[in-house]
Amino acid sequence: MAIILYGTDTGTPVFLLNTKNTSYAFCINKSGIAEHLYYGKLINSPADFETEGRGEGMAYHSGYDITPEEISSFGCQRYKETSMKLTFGDGVRDLRLAYCGCRTEDDTLYVDLKDMHYSLTVTLVYKVYEEYDIIGRSRIVRNGDDLPVTVESLYSSEFALRGTGYRYINSNGTWAGEFRMYENRLNGGKAIIESTRNAAAHVSTPAFAVYQNATETAGDVWYGVIEYAGSFKICLEQTPYGWMNILAGMSDTDFEWKLGKGEQLVSPTVYTGYSDNGFDAMSNVLARFSRGVIMPEPYRKKPLDVLYNSWEATAFDVSCEEQMKLAEIAADIGVELFVMDDGWFGRRNNDHAGLGDWYVSREKFPDGLTPLIEKVNSLGMRFGLWFEPEMVNPDSDLYRAHPDWTYHYRNRPLLLGRNQAVLDLTRADVREYIVEAVSEILSENNISYIKWDMNYPFSECASELVPPEEFKSLHFRHAEGFTAIAEELKRRFPQVEFEACASGGGRIDYRTMGIFDEFWTSDNTNGYDRLSIQEGYSLFYPIKYMRAWATDSGHFPEEFNFHAAMCGSLGIGVNLNRCDEERLARMRSHIQHYKDIRTLVQFGTLHRLASLKTDGYQAVQYENGEESAAFVFGGVRERGFGMLPVRVKMRGLDPDAEYAVLRIGSWQDVFDRETEHIDRETVISKGVRKSGAYLMNYGTEVRFHYDMYSCIIRAVKI
Ligand code: DGJ
């Protein structure tokens, strides 16, 4: 049973939330405090948990501060980071919550708490995803009084880990440098991981993983992801009382939300999990959960098509003729979805003009998009188009008609990033304009994919229609506005595939995942840099959503760039008009090989076998029990004398089974194919025989023959 309630008639109830392999427990302790008890391996006996609590504490160390709480509130002798902070209408800022009941509905537990004086209630909501080993949690704050309440901070989740010396990982990213993971150890004080850029943003990841000694395959890891497409915050606090507090939810750096009588504020959901098998298990639980619960239909179960995107080839210089030429070659090498990026609309010849004017440029497309789309379709490909719906260039018809439609302060010059401003998504007229403008293009043309870009996070938190005293609600309202527009467009066009992009990977989060069908991971398409970006991405996000293009970036062997891109959902960004037949043939063969293994890559279990950071080379494996593909990347940059061989040890195979093993790449000791299809049968007929135990324990030898060498090791169970 997923939710076990114990002692609900005693005043000190215990709430035990069990998944297949984990237990999460909290109680109302003897002092009336909602105390967090436990998160870890399965325990089925709620009666074993003690509810005595830690007593009253003493002057400098209050009972609240010394207790690991399930929900803490500002004031009331608390000096630590708290789950929520608010001001009552009469100026009182201390919230004293007492338990007043609980109920369950299917897999969801609701625990109600109420202030001792005011009609202010807080409901803790826990949805147990038993099969997935995940718990989703959120909070609902309701005001029942006549006087308004101002909520100043509201985390979605709080729990504590007994012990000290915990480590945590997150990323310190930039544009074109997403998911550069770091690890810190917190021996005291607080660590804040935050985005104030109205999106998950490149700078940090809306997720946490906390551990003491975990590795890829062993050790305890507690983790969580925030389902919110806006500014977020995670606070880790090592208390002096022998435990670490973990809080996650919306950012409160610039936040206030007024609650009138009868109104409520619902926090975003945070999904948490616990792994006793290290990071590999964490990533695969999250990927399975994403595929089973978060991703929208109909693409959730379909392998994504191989796409071609024209951005790196043509930038803003798009024309019907040039795009048609690219499309012909793309179709010829096996591309299934042809995407025209920026530059097709308004007076968009560079990044100074045009955003907001969502009509086809007649200079570039005299007969509209139809001739190009028909051509693309006749070549057997679907057609996709780029948009940046939330933005406006001051040099646009839209801005000239509606200068009041951006976030701005009346007495300051408008701030721009990449020459553009952010449309005020708190306004219904702006939301309607965007939905209608994009809908018109989508309904008039046979478009089956959109790349939704976003290249500037605003910092001017002011709107013409929101009263000044509510400007601090803009981050939250903007996130709501964005998701409302995207959801409405998805509702109108359910068959259109949506890619979320924000200057590369600036909008990668679980809320966006719930509406969109994939992420653009990074504008950095250099195969070598991609290896670290993709490794960091893969910790918390599913591979299927990781769009990766092979391009000319980096001047590495083409095979290396292709192999790096084949580790995700493959795209091509090379300027095909400049490729000779020989090169096109090589690309054709990579694409064909990708199609042979894409279901394995996009839906398989992922194992990070070796990392550039720690091993000097990278190896990632995808397996589904029957088949396995491991991508191995090395280069003298990491290994000094690059000829030293390594042994790549796979995971997840059947130790007693026999496998056919084939190494594929362009060196004499591996299978160097031209345009052959490398299906199961090819691997079986050409591969050497090895046992699963051999492949996992002794491994396959790989020599790095030259700088930036890569190969793929396929294994098929006989
Ligand atoms: C930023 C994106 O990340 C790129 O892929 C490309 O779409 C450009 N914007 C277009 O302006």
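The legends below describe close-up views of a predicted model. Local features are given only where pLDDT is at least 70 and side-chain atom pairs only at pLDDT 80 or more, whereas totals for chains, interfaces and linings use all residues. Residues are numbered from 1 along each chain as its sequence is written, and side-chain values use heavy atoms, with hydrogens and water left out.

**View 1. Residues around the ligand.** The ligand has 13 residues around it, and D341, D342, K451, D453 and D523 come nearest; a residue is near a molecule if one of its heavy atoms lies within 4 Å of it. By class, this shell holds six charged, four nonpolar and three polar residues. Here Ala, Val, Leu, Ile, Met, Phe, Trp, Tyr, Cys and Pro count as nonpolar, Asp, Glu, Lys and Arg as charged, and the others, Gly among them, as polar.

**View 2. Polar side-chain atoms at the ligand.** A polar side-chain atom of D523 is 2.5 Å from an oxygen atom of the ligand. For R418, the distance from a polar side-chain atom to a ligand oxygen atom is 2.9 Å. An N or O atom in the side chain of W520 lies 3.4 Å from an oxygen atom of the ligand. The protein covers 98% of the 290 Å² of accessible area that the ligand has on its own (Shrake-Rupley method, 1.4 Å probe).

**View 3. Helices α1 and α9.** Two packed helices are described by the angle between their axes and the distance between the axes. The axes of α1 (residues 278-294) and α9 (residues 527-540) come within 6 Å and cross at roughly 70 degrees, which means that α1 is roughly perpendicular to α9. Axes are lines fitted to C-alpha atoms over the stretch in contact, with angles from 0 to 180 degrees between N-to-C directions; 65 to 115 degrees counts as roughly perpendicular, under 35 as roughly parallel, over 145 as roughly antiparallel and the rest as oblique. Helices (H or I, at least four residues) and strands (E, at least two) are DSSP runs numbered from the N terminus. In α1, F279, M282, S283 and L286 meet S538, L539 and F540 of α9 (contact means heavy atoms within 4.5 Å). The residues of this contact are five nonpolar, two polar and no charged.

**View 4. Helix α3 against α11.** The axes of α3 (residues 320-333) and α11 (residues 581-603) come within 8 Å and cross at roughly 55 degrees, so α3 is oblique to α11. I329, D332 and I333 of α3 meet L584, M587, R588 and I591 of α11. Five of the residues in this contact are nonpolar and two are charged, with no polar ones.

**View 5. Helix α3 against α4.** The axes of α3 and α4 (residues 370-378) come within 10 Å and cross at roughly 5 degrees, so α3 is roughly parallel to α4. C320, Q323, M324, A327 and E328 of α3 make the contact with P371, L372, K375 and V376 of α4.

View 6. Most residues other than glycine have a negative phi, and most peptide bonds are trans. E297 and P298 are joined by a cis peptide bond with omega about -5 degrees, and P298 is in the loop between α1 and β23 (307-309). A201, which is not a glycine, has a positive phi of about 70 degrees. A201 is in the loop between β15 (189-194) and β16 (207-211).

Definitions and conventions. Polar contact = N/O pair within 3.5 Å; in protein donor to acceptor, adjacent residues only side chain to side chain.
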